[in-house]
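My entries follow in the order in which I looked things up.

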Amino acid sequence: MAAITARTRLGVLISGRGSNLQALIDAGAAVDYPAAPVLVISNRPEAQGLARAAAAGIRTRVIAHGSYPDRGRFEAALTEALDEAGVELVCLAGFMRLLTAAFVTRWRDRLINIHPSLLPAFKGLDTHAQALAAGVKFTGCTVHFVRPDMDSGPIILQAAVPVRQDDSEESLAARVLAAEHRSYPLAVRWIAEGRVRLAGERVLVEGALVQPPSTINPWTD
Ligand code: GRF
């Protein structure tokens with residue numbers, strides 16, 4: 001996929017806290033970063049992320065799903081706002097509405113999401129509780145292109161985070177969130193630089209380095 005423009009125009013869809021939005025705003029503040037949010041849309045008027053966007057001088061819109069008679073009309077309003085702002089890449093960042101196949105197809109390969117697990121494990125909500133219950137020794141986060149099925153689509157990047165034996169849901173969530181804040185801006189950078197290519201439903205990143213050998217967790221002396 002070629003870089004779309006010198007500085008890719010991001011539309012960020014949120015529903016709440018907006019810490020991943022903040023990571024994209026912070027990344028975009030660097031002159032050499034090849035993308036920047038130009039529009040933030042929330043489906044909830046009380047979303048904390050709206051204040052973050054406003055503080056950074058980024059346009060915001062509240063498009064409340066409850067104000068539309070059906071999903072089709074709600075999503076048409078999203079697309080209209082994104083198009084009007086000249087958005088080239090849509091980033092879901094804690095956006096708590098399922099999107100229909102029509103919307104996902106309309107933005108195919110220009111719509112990405114961050115999910116707090118190593119997909120395809122632990123889709124849906126309460127991912128950290130799911131990880132703790134399963135007893136996995138690593139969890140993490142995934143940035144992926146969005147496809148119509150929930151939490152599925154070609155994986156661009158994953159960050160693995162060790163699970164500690166004494167972790168609570170909260171402590172694990174905090175460790176994964178820190179990885180999310182590094183991962184989302186990095187994946188967006190690669191896309192904006194034109195280094196991300198789809199081979200079928202697999203993503204190839206140009207210039208990816210050979211990784212070090214396996215990391216083992218837990219580890220004992
Ligand atoms: C993040 O954990 C993200 O992976 C998930 O929802 C959460 C949103 O957090 N999709 P924030 O609103 O970005 O702080």
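Entry 1, helix α1. I looked up what the buried residues of α1 pack against, and I found β1, β2, α2, β4, β5 (111-115) and α6 (169-192), where contact means heavy atoms within 4.5 Å. I noted that helices (H or I, at least four residues) and strands (E, at least two) are DSSP runs, numbered from the N terminus. The model is a predicted one, in which local features need pLDDT of at least 70 and side-chain atom pairs count only at pLDDT 80 or more, while totals for chains, interfaces and linings use all residues. Residues are numbered from 1 along each chain as its sequence is written, and side-chain values use heavy atoms, with hydrogens and water left out.

How many of the ten residues of α1 are buried? Eight of the ten are buried, so the helix is largely enclosed by the rest of the structure; buried means under 20% relative accessible area, exposed over 50%, and partly exposed in between (1.4 Å probe, protein chains only). I listed the buried residues as Ser19, Asn20, Leu21, Ala23, Leu24, Ile25, Ala27 and Gly28.

Entry 2, α1 with its helix partners. I reminded myself that two packed helices are described by the angle between their axes and the distance between the axes. Helix α1 (residues 19-28) and helix α2 (residues 48-55) pack at an angle of about 15°, with their axes 9 Å apart, and that makes α1 roughly parallel to α2. Axes here are lines fitted to C-alpha atoms, for helices over the stretch in contact, and angles run from 0 to 180 degrees between N-to-C directions; angles under 35 degrees count as roughly parallel, over 145 as roughly antiparallel, 65 to 115 as roughly perpendicular and the rest as oblique. I found Ser19, Leu21, Gln22 and Ile25 in α1 meeting Gly49, Arg52 and Ala53 in α2. The residues of this contact divide into three nonpolar, three polar and one charged, where Ala, Val, Leu, Ile, Met, Phe, Trp, Tyr, Cys and Pro count as nonpolar, Asp, Glu, Lys and Arg as charged, and the others, Gly among them, as polar.

I then turned to α6, where the axes of α1 and α6 come within 9 Å and cross at roughly 45°, which makes α1 oblique to α6. On the α1 side I wrote down Ser19, Asn20, Ala23, Leu24 and Ala27, which meet Leu177, Glu180, His181, Tyr184, Pro185 and Val188 in α6. This contact of α1 with α6 divides into seven nonpolar, three polar and one charged residues.

I looked up where arginine 17 is found, and the place is the loop between β1 and α1. Arginine 17 is partly exposed, with a relative accessible area of 48%. Leaving aside neighbours within four places in sequence, arginine 17 is in contact with Gln48, Gly49, Arg52 and Leu177.

The axes of helix α5 (residues 127-134) and α6 come within 9 Å and cross at roughly 115°, and that makes α5 roughly perpendicular to α6. In this packing His128, Ala129, Ala131 and Leu132 of α5 meet Glu169, Leu172, Ala173 and Val176 of α6.

I traced seven strands that form an open sheet in the order β3-β2-β1-β4-β5-β6-β7, with mixed pairing; two strands pair if DSSP finds at least two bridges between them. At the edges stand β3 (59-62) and β7 (155-162), each with a single partner strand, so one side of each is left without a neighbour in the sheet. Strand β6 (residues 138-145) runs antiparallel to β7 and is joined to it by seven bridges, and valine 143 stands opposite leucine 157 in β7.

Last, I looked up strand β8 (residues 196-199) and strand β9 (residues 202-205), which pair in the antiparallel sense over four bridges. Their hairpin has two residues between the strands, and glycine 200 there takes a positive phi near 65°.
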